[in-house]
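Dear colleague,

Please find below the structure that I am handing over to you. My notes on what was found in it follow directly after.

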Amino acid sequence: MSVVEAKSPTPNGNNTINKILAWFGTTLGQILVSIFVPVLTFLVLWQGYLFLQRANAPQIVQVLVAIVWGVGGVALLYVVTNWLVMKLPKRVSRVLQPFVFVGPAVAIMAWFLAIPVFRSLIASFRNYLGTEWVGFDNYKFAFTDPRMLETFRNNLLWLIFGTAFSVGLGLLIATLADRTRAEVIYKSIIFTPMAISFVGAGVIWKFIYTYKGTGVGIQEIGLLNALVTALGGTPQPWLNLPPWNNFLLIVIMIWLQTGYAMVILSSAIKGVPAELLEAARIDGATEIKTFFSVIVPYIKGTLLTVTTTIVIFSLKTFDIVRVMTGGNNGTNVIANEFYLQSFTYTDAGRASAIAIVLLLLVTPIIFNNVRQYNQARRGF
Amino acid sequence: MAKKTLKTAKQKSAFWNNFVLIIICIIWLIPIFGILITSFRPSEDIFRSGWWQVFPHKENVEVDRIVLPESVDLDGEFEILGKTATFEEFRNTVELDDGRLISWYGNKRTRTAIVSENRWVGFATNLTTKNYSDVLGGKTISYKNAEGQTITRTGNNLGGAFLNSLAVTIPGTIIPILIAAFAAFGFAWLEFPGRNIVFTVIVALLVVPLQIALVPVLKDYVNMGLNGTFLGIWLAHTGFGLPLATYLLFNYIGTIPRELLESSYIDGASNFTIFTKLILPLSVPALASFAIFQFLWLWNDYLVALVFLGEKNQTVTIAVARLVGEKGQDWHLMTSAAFISMILPLLVFLGLQRYFVRGMMAGSVKG
């Protein structure tokens, strides 16, 4: 099957057109065109940029222009670069063309991820302005300051409880739903919070935890305090109460992430061979025993992947804490302390040290990913 | 007989499965349900009572107000509707013999007592869309706060923020996919020096926390005048999304049969033509999976937008977060704003869940 059509020969037009076309065929013409096209491309894109910078059109127009300019611009750059490379002698273009394909991606990843690792590493040994070397001072702060110790403790809580409950509940729901007829409905409901932003989830849960104070005729409008009152307790400003506030924030993460664990584990459970389950049941194993001695060992690999992903997530948790408590009242986490150091206290040194600490925490996972990739590649 | 007990046991366990799942699902949905209802209630009502009170319930309803004449001395004991008590007692609510309640209105000087009765109240009928129109627009709005006072202030222009979010997410989704598709094709099918090393580095970058990049890149942006621009945030999202996009598309494009490409090369097609005419159309499922992933990620992103866009060109997440920060008690605005911020991702998500799940499975290595 030939998907690509062969080029049709140049149609016979009238003489003038042929002459102009012939001129384009000369070396000089080619060079001029090769210069003209990129310059024109650049001018068009630059005009778009200026239009967006001036920002004096109605917002809807701005937005539409931005979308067309951004998407069209990138596509245009590829087309023009490739066209230019193809104009070069075949020997050269063959060597250069792969870089047209991978070059932009590699350059952007280098700028935004790879090089920043080293820039942050250097900045972490310099002072808050980045003007002088300060040795390990920023790391001393990162590992011994009470603020940081608090964030480590809290991230550990997030890591342990957030991950355990997300994965545990996800596994429970996936297993139970697998045996019901309404499986799709249950799973969709549990999965839905995945689409909600942490900021939106923050509003939702802040409303649940809200506290109105005590007084005559005051009705609690937050669900949690209303329940507490209905059960005869006293309403509390929950988000100000350490250490419980940490757990209330972790509940939000569980609410958001259980769906993720459930979906992935659910498909793994479906992969357990029916014969294995049948054999276990014939041997007289109870449902619970079958679950722990057949299903869990079978999906061990998937469980590990899901756990890893949620562990990384819990280490980087930021939005929920930022929106709910701002990190006050003993709820601070590493990523929020990073934000405070870099943008509130503008201490680039400490912020970079914290970023490096975050990177160190995920390093084992990075090594594992690379090892697995290399194994898979050699397996081909 | 044995068969029958097995069947009933099965039915019993199915019942418990469903029971537990229904309870969990209700717990999962109540938070969303709560803010959905709240967002349609008048601001005064939100401050006065919980959202569950829109459903039929028993409540103390005011039936009468009694203004005491000046002759009554409020400092001692006095009588209202045949009940004698002190002011403090009335203020803490006194129950009459027929079950009606007497409480005080405002402070002592109002000389007004409220008589209320515990009776059934039906569904709330005063739901409104005013909260939505208030929070969407950027003009001056007024509403009543917890104490019943009228508050006037500038709206939050969430409509504008919504447009900005579109301007961030649409190119921020398409650009990295395009760049990643080119790169994935290059890594999968073209020969060039350093190919394996570079791709290994990309795999390593999959879980690098983006915090590492914020400070250095922001410095570059300030120098280049890119801070606060759409171009700047597209580039940032492209940078942070590219490792996963390239990795996923590489895995997908690598599985396209070699013979298909070779026959096209024999037909004389260039790499570029093969890419646009063959690879891209064949990769649509993988592209779609990643697109949904990236779209949701960008729409819901807060940190990157906060750092690179700030309050200029604010996105919905920033607008909602600001609303929470500024006015911690304006629940009528916060709930409607939160709901507006959730509509589009929820629609995309529920409509294209299948693709999303597929992308998620393939990409569960990313943090």
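What percentage of the 380 residues in chain A is made up of buried residues? The share is 36%. Please bear in mind, here and throughout, that this is a predicted model.

**Chain A**

The secondary structure of chain A consists of 16 helices and zero strands. Its radius of gyration is 30 Å, whereas the globule rule gives 21 Å for 380 residues, so chain A is more spread out than a compact globule. The C-alpha trace of chain A spans about 95 × 65 × 50 Å along its principal axes. Among the contacts in chain A with a separation of 6 or more, 66% are between residues 24 or more positions apart.

The domain assignment divides chain A into domain 1 (17-123) and domain 2 (138-371). Taken over C-alpha atoms, the centres of domain 1 of chain A and domain 2 of chain A are separated by 43 Å. Four residues from domain 1 of chain A and six residues from domain 2 of chain A take part in the contact between them. On the side of domain 1 of chain A that touches domain 2 of chain A, three residues are nonpolar, one is polar and none is charged.

N15(A) belongs to helix α1 (residues 15-25) of chain A. Is N15(A) buried or exposed? N15(A) has 7 C-beta neighbours inside 10 Å and therefore counts as exposed. From N15(A) to P364(A) the distance is 70 Å, C-alpha to C-alpha, and the two residues are 349 residues apart in sequence.

**Chain B**

Chain B has 15 helices and eight strands. Of its 367 residues, 42% count as buried. The radius of gyration of chain B is 31 Å, while a compact globule of 367 residues would have one near 21 Å. Along the principal axes, the C-alpha trace of chain B spans about 105 × 80 × 30 Å. Residues 24 or more positions apart provide 68% of the contacts in chain B with a separation of 6 or more.

Chain B is divided into domain 1 (2-39), domain 2 (56-121) and domain 3 (158-362). Between the C-alpha centres of domain 2 of chain B and domain 3 of chain B the distance is 62 Å.

Helix α8 (residues 230-253) of chain B deserves a separate note. The end C-alpha atoms of this helix of 24 residues are only 30 Å apart, short of the 34 Å that a straight helix would reach at 1.5 Å a residue. Where does a kink lie in α8(B)? A kink of about 50° is found at G241(B), shortly before the proline P243(B). Because 23 of the 24 residues of α8(B) are buried, this helix is largely enclosed by the rest of the structure.

**Where the two chains meet**

How many residues of chain B are in contact with chain A? There are 104 such residues in chain B, and they are in contact with 96 residues of chain A. Helix α5 (residues 158-189) of chain B contributes the most to the side of chain B that touches chain A, giving 16 residues. By residue type, the side of chain B that touches chain A comprises 73 nonpolar, 27 polar and four charged residues.

With kind regards

Methods: Residues are numbered from 1 along each chain as its sequence is written. Chains are lettered from A and ligands numbered from 1 in the order in which they are written. This is a predicted model: local features need pLDDT of at least 70, side-chain atom pairs count only at pLDDT 80 or more; totals for chains, interfaces and linings use all residues. Two residues are in contact if their C-beta atoms, placed from the backbone, lie within 7 Å. Helices (H or I, at least four residues) and strands (E, at least two) are DSSP runs, numbered from the N terminus. Ala, Val, Leu, Ile, Met, Phe, Trp, Tyr, Cys and Pro count as nonpolar, Asp, Glu, Lys and Arg as charged, and the others, Gly among them, as polar. Domain bounds come from an automatic or database domain assignment. The expected span of a helix is 1.5 Å times one less than its number of residues. The bend at a residue is the angle between axes fitted to the seven residues ending there and the seven starting there. A residue is buried if 20 or more other C-beta atoms lie within 10 Å of its own, exposed if 12 or fewer, and partly exposed in between; C-beta atoms are placed from the backbone. The radius of gyration is taken over C-alpha atoms; the globule rule is 2.2 Å times the number of residues to the power 0.38.
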